Amino acid sequence: MKFREMCGAAAVAMVVMGLGAAPMQAQAQTPQMTQNIDIPAGPLGNAIAQLGRKVGVMIAFDPALLRGQSTAGLRGAYTPAQALERLLQGSGAEARPDGHGGFTLVRRAARATRKPASVHPAPRTPEKMEPAQSDDIVVTAIGTKTNTPLRETPQSISVVSMEQARERSILSVGDAVTYSAGVFANTKGVTYGGDALAIRGFGNDGTTGTATNSYIDGLRLSGTGYASGALDPYLYEQVEVVKGPTSVLFGQSTPGGLINMVSKRPQSKAGGEILLRYGTFDRKQVAGDITGPLTQDDRLLYRLSGTYFDTNGMTAFSNRKRVMVAPSLTWKPGERTTLTLLTHYQKDNFKGSTLNWLPTIGTIIANPYGNIAANLFTGDPNYQGWRREVASAGYQLEHRFSDAITFNQNFRYTNNRLNNQNIYIAALAADLRTATRQAFGLNEKSDDFTIDNRATLKFDTGAVAHQVLVGLDAQSFQYSTVREFVTAPTLDLFAPVYYQTIPARAPFRNQKYNNRQIGLYAQDQIAYEGWRLLVGLRQDWTRYRLTSYLPTGATDNSNAALTKRAALLHNFDNGLAPYFSYAESFTPQYGSDYSGKSFDPEMGRQYEIGIKFQPRGSQSFVTAAIFDLRRKNYLTADRDHSLYFVQIGEVRMRGLELEGHVKLPAGFNAIGAYTLLDSRVTNSNDTVSGIDPADLTVKTRAQQGLRLMAVPMHNASLWLKYANPMGVTLAGGLRYTSETFGDAANYSRVPAFTLVDASLRFDLGAWRPGLKGLELSAKASNLFDKRYIASCVGTNRCYYGEGRHVIVDLAWRW
């Protein structure tokens, strides 16, 4: 599809969504009943904005009224007026009804004022860079590393709160983002070692370890492909998806973007949750989460979260057990300083196989013996084992020297230990029913240190406001691995025989790695009236050392990269915010070409045009974006010198994304997303192979001009929820993925599929006051148990998607 055609499609979609959302401005957002409210500690202006969003009430105020003030948060059952009163205690401000179900905040000394300044604000000044009204639906730091509303962030970002996750059967981070535009999750089917996530077509790794685009609390989660990743989603309160290159703020990254998981933090209001869960595959789970103050002055807060589960998987012989605990502590030694300690420990003891892929013939290509069963186990029950321990400790420090200067320091240390052995399919034999197999084992351990220091300075130059960010971050990732291999007995895919004798493995790799990265970055957010200009620059230095003991040797390499970012956005009074952005990313490349010249970093670059729309006084938020994204300078074969590479490879992604969170009348809410992605290999010397379905033979062709495998052109989803005053919530969703190519040569095709999800929740406290806080829910993913292939990545690696998964939860929250 041509880029200008996408522009036209986006323009039509924006007009349609704008017409559909406009009437919402007149909807009543004034529930006068008591509601469960949970507002975290932080800047008072942000807390007021979150309150308005959560209770559906417009709260107008001049941001200067609350500038520099903070709140300890609020948790409990209140009416909107009661919640406002408590949050504003000691602030010098009070709330006044506006006659339309909302509120306007004024100074207490100005009670006689009939028309507060926030109704007709003064000419726009630097304060407009901060969240100013309750219709700023989400304030997040992930796009800019400053507290900037999504409406004013010139980039496509999706945010999924754990409250949204409760509505669905969320068992992994991949599950959490399945209704977000631009994200392809669980593409490797039934995995438990890692989260297979792709953003704008890039990523799609993490089958057994961390994906290269995974972050926790803004700090990169490094991994080896095995030792780290797949942390339990009960750790987090929010998942954020940043789309497009992100290197200016975060250093080395894949071009498509990143996934950031936000950890649960202590709250000043005592509360908690106890969760009992039972589900398909005999899933038994218990979880708990408690928080509150440790001192009467709220200077010391705590939180303790944890879970344990025991479950089987979709394939045979795949029992899994996990225990996770996450203590955290917040200390406020003064009004301007906050220190939060974040720790967690997770232990997994899984049977089954993380490498349970299947041949193309028998899954997406017809096999004369029929289709391979979706629950086929390709390993051996006496052999499989996945035992991993993860321990992490870190902190987040914030100190406000003044209203204009703030310093933040984030640090995390993570230790991983893994012992794993698997049997997996190597190839399908000529008889089309027997698979050759290999047995693989490893012992790995890793230490991941990462720190981010940044200072924010706010100042004015005349009518222009600046928010300057300067930062220095560093990461050290060290790990050792011992890997072993042996040829395993064959397996009849249609009449499998297990409990076979597996020969002893022989080591083929014994290595230690040490990766280091240091980055220096600067960013300026400039505001003038309705305009927002963002510019950023970063310099990175990376160093890599590999020490090998089998065979013996050592390799040292280093890379340096300069990346840039620029964006322009305009806020219109009607809620529209169009923007244009340019961004770059880099990934280190190690080694040299035939002439001995060291490889430069692989680069990504993206042009994006988008628009965001949020009607005043509405909780609805709609975004649309078109983009041209390139992965450049990747390694491809040197045609003149075999076994060497040249750095001329390029892949182009052009796409359209639409996403809307819409509040509808009569208790209905909807989340909709659509992604159009046109992938193309625009420069490559490689020759790639695939199985031709016509004659079942392996054929090769030049890769240049082909599409990427496992990247759908169309992806769409719709989640519709209805909640009535009696405490009953009914919801359902559809997820559609178009066909994909199953191999790099574009011969085989993975069929399109549509999945149905459903949810039913009962607030038992709405029926009986004595059951306050008790909720019973049933949630299902893939409700009709559709058998489908999630993706294929070659001639012998196809992955069945997850079958029907139903969980029943009984939760008590207070």
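Guide: A salt bridge here is a side-chain nitrogen of Lys or Arg within 4 Å of a carboxyl oxygen of Asp or Glu. The model is predicted. By that definition, Asp297 and Arg299 form a salt bridge, with an N to O distance of 3.6 Å. Asp297 is partly exposed because its relative accessible area is 48%, and the cut-offs are under 20% for buried and over 50% for exposed. Arg299, at 30% relative accessibility, also counts as partly exposed.

Glu650 and Arg630 are another pair, with their side chains meeting at 3.2 Å, N to O. This pair links distant parts of the chain: Glu650 belongs to strand 33 (residues 645-663) and Arg630 to strand 32 (residues 621-637), 20 residues apart. Glu650 has a relative accessibility of 15% and therefore counts as buried. Arg630 is buried too, with a relative accessible area of 14%. Both residues are in one network, joined by salt bridges that share partners, whose members are Arg605, Asp628, Arg630, Lys632, Glu650 and Arg654.

Elsewhere, Arg322 bridges to Asp232, and the closest N and O atoms are 3.0 Å apart. Here again distant parts of the chain are linked, 90 residues apart: Arg322 is in strand 21 (residues 320-334), while Asp232 is in the loop between strand 15 (219-220) and strand 16 (236-243). Arg322 and Asp232 are both buried. In total, the structure holds 44 salt bridges.

Notes: Residues numbered from 1 in each chain as written. Predicted model: local features only at pLDDT ≥ 70, side-chain atom pairs only at ≥ 80, totals over all residues. Heavy atoms only, no water. Helix = DSSP H or I, 4+ residues; strand = E, 2+ residues; numbered from the N terminus. Buried < 20%, exposed > 50% of the residue type's maximum accessible area, 1.4 Å probe, protein only.
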